[in-house]
Structures are given as structure tokens and as C-alpha cells.
Amino acid sequence: MPGTVETVASFSIRRTACLDADGRPLGPLPEFAADTDFLARLYRGMVLTRIFDEKAVALQRTGRLGTFASSLGQEAVAVGAASAMRPEDVLLPSFRDQGAQFWRGGTPEECLLYWGGSERGSRSAAAPEDFPICIPVGTQFPHAVGVATAFALRRQPRVALVMGGDGATSRGDFAEALVFAGVWTLPVVFVIANNQWAISVPRSQQCAAQTLAQKAIAAGIEGAQVDGNDVIAVHHACDRALDRARRGGGATLIEAVTYRITDHTTADDARRYRDDAEVSASWKREPVARLRNYLVAQGAWAKPDEERVLAECRATVEAAAEAYLAAEPEPATAMFDDLYAALPEDLQAQRAAVRERADG
Amino acid sequence: MATNILMPALSPTMEEGTLAKWLVKEGDTVSSGDILAEIETDKATMEFEAVDEGVIGKILISEGTEGVKVNEPIAVLLEEGEDASAADSAGSAAPAGGAKQGDGAAAPDAAAPDADEPAIDEPAVKAPGSAPAAAVTIPAEPEVPEGTTFKTQTVREALRDAMAEEMRRDGDVFLMGEEVAEYQGAYKISQGLLDEFGDKRVIDTPITEHGFAGVGVGAAFAGLRPIVEFMTFNFAMQAIDQIINSAAKTLYMSGGQMGSPIVFRGPNGAAARVGAQHSQDYAAWYAQIPGLKVCQPYSAADAKGLLKSAIRDPNPVIFLENEILYGRSFDVPDLDDFTVPIGKAKIWRQGSDVTIVSFGIGMTYALQAADELAEQGISAEVVDLRSLRPMDTVTVIESVKKTNRCVTVEEGWPVASIGNHISAVLMQQAFDYLDAPVINLTGKDVPMPYAANLEKLALVTTKDVIDAVKSVTYR
């Protein structure tokens with residue numbers, strides 16, 4: 001054997017789970033879970049997201065909405081993460097994180113406008129500093145690092161929380177963002193919803209590493225795995241990561257392990273490449289029933305509560321759909337508006353020509 | 001015949017260096033390949049070889065001398081049997097030495113003056129008042145007030161001053177990129193900025209253009225005003241998704257809520273002897289993208305004024321510089337706050353027979369050609385676009401209405417070039433004024449050759465411009 005051989009680095013990745021698949025506590029719960037009113041709000045957030053997704057898919061199937069990405073089965077990731085943020089933090093969502101946007105004040109109507117093709121939907125009144133939905137896979141990660149750079153330069157105790165899927169962790173953007181977050185010790189939290197499928201490519205074909213969380217190790221930042229179908233665990237993990245970042249402790253990568261119960265988007269048919277049995281099994285672990293079972297067992301939830309929340313969420317979504325369907329179509333000139341802070345002269349001429357044609 | 005051995009260039013942009021050590025002495029016989037001396041710059045040390053055989057007649061620069069200019073004679077080489085007194089009369093400027101460099105990035109003749117081409121460092125623009133009496137009129141600079149004094153500055157210094165002034169003016173402006181801080185910039189554009197502004201605002205990044213372009217875009221979305229330096233725009237191809245999909249489109253896609261006040265800057269186009277992958281001109285690429293603004297200045301004054309405007313602009317700006325122009329000197333207005341509006345062309349000289357439209361280093365050939373054409377009785381109007389998006393086609397059209405002929409000059413490739421666009425605009429908006437087809441001069445439609453002789457053939461030359469003008473003026 002040449003010279004000496006010694007271990008110079010080693011690591012472990014820990015996984016946090018609070019409730020089992022049936023909603024029974026796996027051990028003592030985090031302190032915040034004692035507040036069942038708060039848990040009821042988390043529950044409502046997940047239900048709203050699920051009902052919204054259902055409606056959006058229905059609108060798409062009837063030709064009244066563009067392509068849409070449902071988050072069925074992974075509502076706990078979005079709601080758990082967003083509920084741990086402070087209002088002054090900044091959310092950078094991917095295209096399956098409407099649950100997080102709703103929690104932060106984004107409205108179902110805005111979301112429908114967005115997927116219906118109007119850029120007005122990305123103009124959030126409630127969270128004007130939150131980022132629009134990121135469609136390119138992975139470009140949002142370096143953006144979050146840039147936002148965190150701005151917070152650091154301005155010495156603001158704020159954190160950027162960025163979301164993406166398991167497929168996005170194969171992108172250069174993701175690895176690069178982790179590198180920057182590490183060397184500059186920035187206040188950013190990366191939340192990966194590992195839903196096991198990147199369209200038709202399973203997690204096992206995405207990366208040979210045991211966990212996605214361990215990608216943090218190479219960048220020198222914290223990495224942890226969490227049961228992504230357990231909203232209490234997701235909230236807890238994000239809360240700790242946000243707090244650490246806010247206090248100058250640097251970035252964290254959280255891999256929330258969940259499952260995409262439905263198709264990748266409305267343009268996909270997952271039955272062509274996925275076992276029905278796998279999907280059926282996933283229903284036994286889904287997050288909404290899990291939290292409801294826990295709340296019921298605590299005596300904090302009963303049938304009237306359930307009926308009330310369902311009715312409220314349905315009413316909210318129906319009203320949003322009506323407002324969306326009644327929204328005036330964008331004028332022809334909208335394609336030029338907001339292209340530049342002030343439209344250059346040559347484009348003003350093009351804009352005028354388009355308006356003339358549309359009017360004529 | 002005695003020949004001068006000249007100070008070699010270690011890289012295409014080297015201007016001076018230290019003659020660290022002589023490895024030969026007067027009277028030594030040398031043959032091709034013998035090591036003559038060691039040359040040092042702040043970047044590297046190299047050995048300097050003899051190309052021709054002969055006898056070292058006289059050493060003109062002693063070892064240890066700093067600041068020896070490239071192409072300055074450092075020794076005299078005598079032919080076998082020639083008397084040492086011939087050393088005193090050595091008149092030829094032909095380089096007699098060759099350089100051997102570790103990474104082989106550049107040959108010594110890359111920056112050496114060529115008989116047909118002007119030396120790189122010679123200002124291509126003459127100071128007002130010193131213009132020859134020929135039909136050359138440099139129009140009064142409309143962007144500066146009456147009585148403004150000018151100082152001579154290189155493009156490099158002008159760019160540095162622009163950044164420093166804007167960083168003093170606005171605490172949200174910061175610079176990031178590879179080697180911008182400790183090293184003061186790969187091409188020394190950020191000289192002194194780290195000292196003045198500290199490492200929070202002058203930031204060395206890990207080596208990933210895609211990564212730091214994305215981080216810059218995110219910081220801009222969050223309200224900062226980043227200047228992202230690419231060591232060259234060739235490396236920005238890796239970052240083009242962030243530049244186009246994120247920076248250029250997000251204001252539109254966020255319904256006007258999230259703008260990207262960011263400047264991406266760095267050298268663009270061919271330098272000298274840096275090969276196919278490091279010589280590309282991206283002017284036409286970026287000029288095509290709605291949501292971006294694109295500048296490519298020629299002079300130091302425009303480099304400064306446009307960069308200041310770019311940093312203040314609320315939109316993402318692609319700022320294309322040129323490595324060969326960095327060391328050129330121009331007159332720069334001596335003003336506290338000199339800016340040049342983006343989207344306005346500049347008429348460098350007025351003329352009546354033909355309009356030559358160019359930008360960036362292409363202006364060098366355009367202006368030289370105009371000088372030579374004037375001597376032949378052809379009066380050329382030379383328009384520097386300066387900005388490629390938005391493009392000031394109005395100035396071009398007005399000029400062509402007067403001259404009825406147009407030649408465009410750029411170093412990029414011919415297909416879908418800036419010249420193509422101008423030709424289309426002229427055909428649509430000045431068709432009745434054209435007395436000849438517009439000629440688009442571009443680089444050859446090939447990856448840039450590394451061989452010195454082929455590289456020269458692949459680029460536009462002053463002679464190409466002269467020939468094209470004669471063609472459209474039917475001379």
C-alpha cells in the first residue's frame with residue numbers, strides 16, 4: 001500500500017419525518033404542532049391547492065386554459081415551505097408550486113390568468129417581490145442566489161427560498177447555484193420536491209446518488225432529506241433552514257421526498273410509462289389525508305370543519321375561475337408593453353402597426 | 001544587413017514588459033531557435049528565441065529594464081562577417097526574434113505592425129484641430145457642451161472610469177466576474193476598483209459564466225444593478241440561457257413587475273491569434289433579441305458615455321467591447337458626468353459620395369478607408385452605429401438619401417448580419433435613393449483560423465472597404 005490512506009471527509013444525510021402515512025406521530029412533534037389552529041391552516045392551504053388543481057385541469061380539458069401542471073400529491077411541499085417563510089422573504093417558485101404562491105397571497109385568479117396566457121397573472125399584488133413562475137428547468141436557482149446576494153449586500157435579514165423538482169437537480173444551474181451559495185455563505189434555501197418523476201424519467205435514471213440532498217455536501221452547504229408528504233416535517237425543516245440562513249449561517253438544500261400522483265402536465269399521459277400499482281400505492285401516503293387523520297385523532301377536526309373548509313375552498317376557486325373566464329382578453333399591443341422599461345422608437349412603430357391592424 | 005531585434009509581444013494585448021535577463025552577450029553567434037532573453041509581464045515569463053542566424057552586434061536595452069514597449073528595438077543582429085559598426089545604422093524594423101510561450105496562445109508577430117496595417121496603439125482618430133486639411137470634417141461633438149476640454153485616454157481607462165463613476169453614484173452598482181477583483185480584470189479593465197469599493201462590490205466569482213450570469217440576473221430582479229464581466233463574450237455562450245430567457249424576457253413575462261437592470265460586458269469579436277473558439281463576434285446574435293439593448297462602442301469617449309448610460313438603464317444591456325481597442329487612445333470629454341444615449345449613431349466624418357456604416361473595431365477600417373478615399377477624390381460619410389439595439393437607422397437613412405450609396409463594415413459572419421439588416425431597412429425606406437446595391441463587408445464565413453496568414457484573410461481590411469466603395473461608386 002503506498003504511503004498512508006486516511007478518511008479526509010465523510011458525511012451522512014438525515015431524514016426527518018413527523019407523522020407516519022396514517023397520520024400517527026412518529027415521536028415528539030415540533031413545538032409549533034401544538035397549535036392545531038395553525039395545523040388547520042396548513043390543512044386548508046393543501047386543500048385549496050388540490051381543489052384548484054382539479055379545477056385547472058378541468059378548464060384545460062374543456063379548452064379554456066393552456067397547459068397546466070398539477071401538484072396533486074405534493075401539496076405538503078409547497079405549503080410546508082411557504083408557511084415557514086416570513087412575508088419579507090422572497091419565493092422563487094417553479095411551475096408546480098402554486099400551493100406556495102397561494103400561501104403567500106398569490107390568488108387562484110392570478111394563477112389561472114398566468115396559465116391562460118396573460119402576463120397579468122405574474123403581477124402579484126400581495127407578494128410583489130416574489131418571482132414569477134419559472135418555466136425553464138433550473139434557471140431559478142442562480143436567481144435565488146442573486147436575490148440572496150442582494151440581501152447580504154444590503155445587510156437585510158431576509159432569505160430567498162427557491163423550489164424545483166428532482167429533474168432540475170441534474171442541471172448545471174442547480175450545481176452552480178449551490179457552489180455560489182456555499183462560497184459566499186448566502187441566505188438561501190433550496191427546496192427540491194423529489195416527486196420521483198421528471199416527465200417519464202424516474203428518479204433512478206436521474207442520478208445515481210442515494211439522495212439528492214447529498215448534492216449539498218459537494219458545495220459545502222447543509223443538506224437534509226424530509227418526508228415531503230408530511231407537512232409538519234416540511235414546515236419544520238424549512239423553518240430551521242430559514243432561521244439558520246437569516247442568522248448568517250448560510251444555505252441549506254432540502255430534499256422533500258414526495259410523489260407526483262398525476263401526469264407531468266396536461267400535455268402528458270403518465271399511464272404510458274408508469275405502473276398503476278405504483279400510483280395506487282402512493283395514494284396511501286398522500287399528505288392531505290395524513291394531516292386530517294392526525295387532526296381528527298387530536299380531536300381538533302370533525303365533519304363540519306371538513307365540510308366548511310371544502311365549501312370555502314370550492315367557492316374561492318369557482319369565483320377565481322369565473323373572474324378568469326370573464327377577464328378581458330389582452331389588447332393586441334400587450335405584446336409590446338413591458339418589453340422595455342420605455343419602448344424604443346423602432347418598436348413603437350411596430351406597436352402602432354399592430355394596433356392599426358387589430359383595429360382595422 | 002544589420003537588423004533590429006524587437007521587444008516581442010507575449011500576448012496579443014501586451015503593450016510592454018520587463019527585459020528580465022539576457023542569455024546572450026554582444027559578439028555571440030546565434031542561430032535560429034537559440035534562446036536570446038527572458039521577457040516578463042505581470043502575467044507570465046517567457047523565453048525569447050532567435051529566428052534568424054547572425055551575431056549579436058549590440059544590446060540596446062540592458063537586462064532588468066522595465067516598461068520596454070512592444071516592438072521597441074532591444075538588440076541589433078549582424079550578418080556573419082558584418083562589422084559591429086553596422087549595428088548603429090540598423091534601420092529595418094522587421095522583427096528578428098521569435099517568442100516561445102508556454103501555452104502557445106500567441107505568436108510574437110500578432111501585435112507587430114504590418115506594413116499595410118496601422119500599429120494597434122496608434123490613435124485612429126486625430127484630435128480636433130489636428131485634422132488634415134483634406135475634406136475631413138469631424139462634426140462638433142453634440143453630446144458635450146461648448147468649451148469642453150478633452151483628455152487623452154485609452155478605451156481601457158475610459159471603461160474603468162465609467163464603472164467607478166457609476167459605483168460612486170449608486171451604491172446598488174457592483175461588479176462581478178472572473179478575475180475582476182484581486183487580478184484587476186483579465187484585461188485590466190477593473191484596475192483600482194477593488195481598492196476603492198471593497199470585496200462586497202467588486203466580486204471574484206467561481207468559474208462558471210452560466211452560474212454568475214444567473215446570480216447577476218437574480219440580483220438585478222431583486223433591485224441591485226450588477227455589472228457582469230465576461231472575460232470574453234465567447235464564454236458567455238454558456239450563459240446565454242440566463243441572458244436571453246431570464247434577463248431579456250422577465251420584465252415582459254412578469255407583466256412589468258420585475259425588471260432586470262443589468263449590464264453584461266466584456267470583449268467581443270476577434271482579438272489576434274486566439275483561434276476559432278475565442279474570436280467570435282456576437283453583435284448580430286444579441287441585436288436580434290427583444291428585451292435587450294446592445295452597444296458596441298469604438299472610441300474611448302463612447303465606451304465611457306455608453307457604459308455609464310448602460311449601467312443606469314433599467315433594461316438588460318449587452319455591452320460589447322473589443323480587446324484590440326482596449327489599448328487605443330482617444331479624446332474623452334473632461335466632464336464630471338459624461339453620458340452617451342443608447343440608440344444614437346454618430347457621424348464621424350461627413351461626405352457626399354458614399355455612406356460607410358460600421359461599429360466597434362470595424363470603424364478603424366471605415367475611417368482609414370475614408371482617409372485614403374479622400375485622397376483619391378471620393379468623399380465618404382462614416383457612420384458609427386455605436387448601439388445595435390435599438391439601432392439608429394434614421395441617421396443611416398438620412399445619410400444614404402444624401403450619398404445614394406452604402407457600404408457596411410463588420411467583423412461578424414455574413415448570414416443574418418448587422419449589414420443585412422441595414423440593407424433591408426434601406427431597401428424598404430430609401431429604395432428610390434439608392435444608386436447602387438448596398439455592399440455588406442463581413443468576416444469570412446468560416447471559424448476564425450489560428451494561422452496568422454489565414455486569420456488576416458478572414459477579417460475585413462481597409463482595402464476591402466476601399467474596393468467596395470469604388471464598386472458602389474462605379475470607379
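How many salt bridges are counted between chain A and chain B? The count is 2, a salt bridge being a side-chain nitrogen of Lys or Arg within 4 Å of a carboxyl oxygen of Asp or Glu. One pairs R154(A) with D172(B), with 3.2 Å between the closest N and O atoms.

Before I continue, this is a predicted model, in which local features need pLDDT of at least 70 and side-chain atom pairs count only at pLDDT 80 or more, while totals for chains, interfaces and linings use all residues. Residues are numbered from 1 along each chain as its sequence is written, chains are lettered from A and ligands numbered from 1 in the order in which they are written, and side-chain values use heavy atoms, leaving out hydrogens and water.

Let me turn to the interface as a whole. Chain A contributes 37 residues and chain B 45 residues to the contact, meaning heavy atoms within 4.5 Å. Together the chains bury about 3300 Å², with 64% of it on carbon and sulfur atoms; this is the accessible area (1.4 Å probe) lost on being put together, summed over both parts.

The largest nonpolar core has 79 residues. Such a core joins buried Ala, Val, Leu, Ile, Met, Phe, Trp, Tyr and Cys residues through side-chain atoms within 4.5 Å, where buried means under 20% relative accessible area with a 1.4 Å probe, protein chains only. V188(A), F190(A), F230(B), I243(B) and F264(B) have the most contacts inside this core. Apart from it lies another core, of 66 residues, including F52(A) and V234(A).

How values were computed. Buried < 20%, exposed > 50% of the residue type's maximum accessible area, 1.4 Å probe, protein only. Buried area = accessible area lost by both parts, 1.4 Å probe.
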